[in-house]
Amino acid sequence: MTTIIAGHFQLQEQIDGARQALLEAGYPEDRISSFYVNQPGQHDMHALGGDRTLSPGAKDSPEGLAKGAATGGAIGAAIGAATVPLTGPVGPVVGGLVGAHVGSLYSFSHMKDKGEAEQGGENTVSPRKSGMLVAVALPDGDEDRAVQLLRRLGANDIERADGTIAGGDWKDFDPLSLPRRIA
């Protein structure tokens, strides 16, 4: 694996110009890659479509759902049992079901608000933006020169990654990885 510097551009002409400028700066053609990055959620990484089984903002919801349903069901069954003289034997069952449903709404308290950091820190860095990306695998100690060149060419969201570009293809690119942006 080598250090890779990548920058986003808006237009294909900018990508073509950046590739040419990197070639003129002495970077080998087979160590330069350019491609389009889809929007988050559109990478079709999951068998059922999308990128993940659970949305990062809702990954704590199943735990909240289970806790709420169990607690609400127990409380509802107890209240239903207390009303057996009025409701008959169906009281605890209906009370338990209603209580479980109401308690399951507790899971909403485990959802995060838009922009709120979550406990695993997964959303402390915004995901990679969609658009055209040009990347170059660097020889050791050449990072500053590549960053300055991409900045001069108008690249947005320049990032650093570790990986392998061979034959012009970034073999181990993960669109779901969190970008390490260069300030």
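1. The side chains of Glu143 and Arg160 form a salt bridge, with N to O at 2.5 Å; the term denotes a side-chain nitrogen of Lys or Arg within 4 Å of a carboxyl oxygen of Asp or Glu. Because Glu143 belongs to helix α5 (residues 143-152) and Arg160 to strand β4, the pair ties together parts that are 17 residues apart in sequence. Helices (H or I, at least four residues) and strands (E, at least two) are DSSP runs, numbered from the N terminus.

2. The model is predicted: local features need pLDDT of at least 70, side-chain atom pairs count only at pLDDT 80 or more, and totals for chains, interfaces and linings use all residues. Residues are numbered from 1 along each chain as its sequence is written, and side-chain values use heavy atoms, with hydrogens and water left out.

3. Are the two partners of this pair buried, partly exposed or exposed? Glu143 is partly exposed at 23% relative accessibility, and Arg160 is partly exposed at 29%. Here buried means under 20% relative accessible area, exposed over 50%, and partly exposed in between (1.4 Å probe, protein chains only).

4. A salt bridge also links the side chains of Arg180 and Asp162, at 3.6 Å from N to O. Arg180 lies in strand β7 and Asp162 in strand β4, so this pair ties together parts that are 18 residues apart in sequence. Arg180 has a relative accessible area of 40% and is partly exposed; Asp162 is partly exposed at 42%.

5. Strand β4 also takes part in strand pairing, for which DSSP must find at least two bridges between the strands. With β7 (residues 180-181), β4 pairs in the antiparallel sense over two bridges, and Arg180 in β7 is the bridge partner of Arg160. Strand β1 (residues 2-9) is joined to β4 (residues 156-163) by six bridges, again antiparallel; Thr3 stands opposite Asp162 there.

6. How many salt bridges are there? The count comes to four. Among them is the pair of Lys171 and Asp169, at 3.8 Å from N to O. Lys171 is exposed at 55% relative accessibility, whereas Asp169 is partly exposed at 40%.

7. As for the whole chain, five helices and seven strands are present, in the order β-α-β-α-α-α-β-α-β-β-β-β. Of its 183 residues, 32% are buried. Among contacts (heavy atoms within 4.5 Å) with a separation of 6 or more, 77% involve residues 24 or more positions apart.
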